[in-house]
Amino acid sequence: MTIEKHFPSGALVISEVVGGQRVTRIYQGYSRREAAARFRQEIKSNKAR
């Protein structure tokens with residue numbers, strides 16, 4: 001998992017390779033810990049489908 005802080009907005013950009021595809025999400029207004037938790041939850045819920 002890669003977490004980057006976007007300049008100048010301060011949004012967190014999180015990306016990871018899942019199932020051979022790169023998945024990227026942008027989180028605005030969340031702490032680093034909250035954004036990572038939301039990303040993991042979204043990936044987990046999408047795998048269950």
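Among contacts in the protein between residues at least 6 apart in sequence, what share join residues at least 24 apart? The share is 15%, where contact means heavy atoms within 4.5 Å.

A word on the source. This is a predicted model, in which local features need pLDDT of at least 70 and side-chain atom pairs count only at pLDDT 80 or more, while totals for chains, interfaces and linings use all residues. Residues are numbered from 1 along each chain as its sequence is written, and side-chain values use heavy atoms, with hydrogens and water left out.

Now the overall layout. The protein has 1 helix and 3 strands, and from the N terminus on the elements run β-β-β-α. Helices (H or I, at least four residues) and strands (E, at least two) are DSSP runs, numbered from the N terminus. The C-alpha trace spans about 35 × 20 × 10 Å along its principal axes. Of the 49 residues, 24% are buried. Buried means under 20% relative accessible area, exposed over 50%, and partly exposed in between, with a 1.4 Å probe and protein chains only.

Next, the sheet. In which order do the 3 strands of the open sheet stand? The order is S1-S2-S3, with antiparallel pairing. Strand S1 (2–5) and S3 are at the edges with a single partner strand each, so one side of each has no neighbour in the sheet. On average, neighbouring strands are turned by 20° against each other, direction ignored. For that angle, axes are lines fitted to C-alpha atoms, for helices over the stretch in contact, and angles run from 0 to 180 degrees between N-to-C directions. Strands of a sheet pair through backbone hydrogen bonds, either parallel or antiparallel. Here, two strands pair if DSSP finds at least two bridges between them; S1 and S2 have 4 bridges, in the antiparallel sense.

Thr2 has Ser15 in S2 as its bridge partner. Ser15 counts as buried because its relative accessibility is 11%. Not counting residues up to four places away in sequence, Ser15 touches Met1, Thr2, Arg22, Val23, Thr24 and Phe39.

On to the core. Nonpolar side chains tend to be buried together in soluble globular proteins. A nonpolar core is a set of buried Ala, Val, Leu, Ile, Met, Phe, Trp, Tyr and Cys residues joined through side-chain atoms within 4.5 Å. The largest one has 8 residues: Leu12, Ile14, Val18, Val23, Tyr27, Ala35, Phe39 and Ile43. Strand S2 (12–18), strand S3 (21–27) and helix H1 (32–48) each give two or more residues to this core. Ala35 is in contact with Leu12, Ile14, Tyr27 and Tyr30, leaving aside its neighbours within four places in sequence.

Which residues form the aromatic pair? The structure holds 1 such pair, and Tyr27 and Tyr30 form it edge-to-face, 6.0 Å centre to centre with 80° between the planes. Rings of Phe, Tyr and Trp (its six-membered ring) pair if their centres lie within 6.5 Å; planes under 30 degrees apart count as stacked, over 60 as edge-to-face and the rest as tilted. Tyr27 is buried because its relative accessibility is 9%, whereas Tyr30, at 31%, is partly exposed.

Last, Gly10. This residue lies in the loop between S1 and S2 and is partly exposed, at 29%. Gly10 and Tyr27 are 17 residues apart in sequence and 9.3 Å apart in space, C-alpha to C-alpha.
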